[in-house]
Amino acid sequence: QVQLVESGGGLVQPGGSLRLSCAASGSIFVIYGMGWYRQAPGKQRDLVARITSGGSTNYADSVKGRFTISRDNAKNTVYLQMNSLKPEDTAVYYCSADLSNDYATRRYWGQGTQVTVSS
């Protein structure tokens, strides 16, 4: 079994910052890409940022220059530093990990953490 546990969400005022963390644990041989996605009410789940095992990153245009994704391979953890937050960043944020274990190579998802940007 694999678990992805997210933390760091909450309520923040516009212009503020939050840092999300997501730790993967369980039966893991290797983790390839890790990422963050978000889903606002009534909308589809969209990519926010992804990072490869080698550290290459890509971002949604809407967050470029404001958000930074990073990872600690020794801890199987991915982070999302979110600065200059806007009300439109309000969503449930999900982390993902593409990994191999005894059973398969597939994408796993965290349970989601709420981020609310409001004054």
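Reader: By class, how many nonpolar, polar and charged residues does the lining of the largest pocket have?

Author: This is a predicted model. The largest pocket is lined by 15 residues. Sorted by class, that lining has six nonpolar, four polar and five charged residues.

Reader: Which residues of the lining lie nearest the centre of the largest pocket?

Author: The pocket in question has a volume of about 190 Å³. Its lining comes to 15 residues. Those nearest its centre are Arg-38, Ala-40, Lys-43, Asp-46 and Glu-88.

Reader: How many helices and strands does the protein chain have?

Author: Read along the sequence, the pattern is β-β-β-β-β-β-β-β-β-β-β. The count for the protein chain is zero helices and eleven strands.

Reader: What is the radius of gyration of the protein chain, and why does the chain count as being as compact as a globular protein of that length?

Author: The C-alpha atoms fill a box of roughly 45 × 25 × 20 Å along the principal axes. For 119 residues, the globule rule gives 14 Å. The chain's own value is close to that, so the chain is as compact as a globular protein of that length. Its radius of gyration is 14 Å.

Reader: Which residues does the disulfide join?

Author: A disulfide is a covalent bond between the sulfur atoms of two cysteines. Here the cut-off is a pair of cysteine sulfur atoms within 2.5 Å. By this rule the count comes to one disulfide. With S to S at 1.9 Å, the pair joined is Cys-22 and Cys-95.

Reader: How many residues apart in sequence are the parts that this pair ties together?

Author: Cys-22 lies in strand S3, residues 18-26. Cys-95 lies in strand S9, residues 91-100. The pair therefore ties together parts whose separation in sequence is 73 residues.

Reader: Is Cys-22 buried or exposed, and is Cys-95 buried or exposed?

Author: Buried means under 20% relative accessible area. Cys-22 has 0% relative accessibility, so Cys-22 is buried. Cys-95 is at 0% relative accessibility, so Cys-95 also counts as buried.

Reader: What percentage of the residues in the protein chain are buried?

Author: The protein chain has 119 residues. Of these, the buried residues make up 44%.

Reader: What share of the contacts with a separation of 6 or more comes from residues 24 or more positions apart?

Author: Take the contacts in the protein chain with a separation of 6 or more. Among these, residues 24 or more positions apart account for 56%.

Key: Residues numbered from 1 in each chain as written. Predicted model: local features only at pLDDT ≥ 70, side-chain atom pairs only at ≥ 80, totals over all residues. Heavy atoms only, no water. 1 Å grid on protein atoms, 1.4 Å probe; cavity = no way out; pocket = protein on both sides within 12 Å on 5 of 7 lines; lining within 4 Å. Points joined across faces, edges and corners; volume = space filled by probe spheres on them. Nonpolar A, V, L, I, M, F, W, Y, C, P; charged D, E, K, R; others polar. Helix = DSSP H or I, 4+ residues; strand = E, 2+ residues; numbered from the N terminus. Buried < 20%, exposed > 50% of the residue type's maximum accessible area, 1.4 Å probe, protein only. Rg over C-alpha atoms; globule rule 2.2 N^0.38 Å. Contact = heavy atoms within 4.5 Å.
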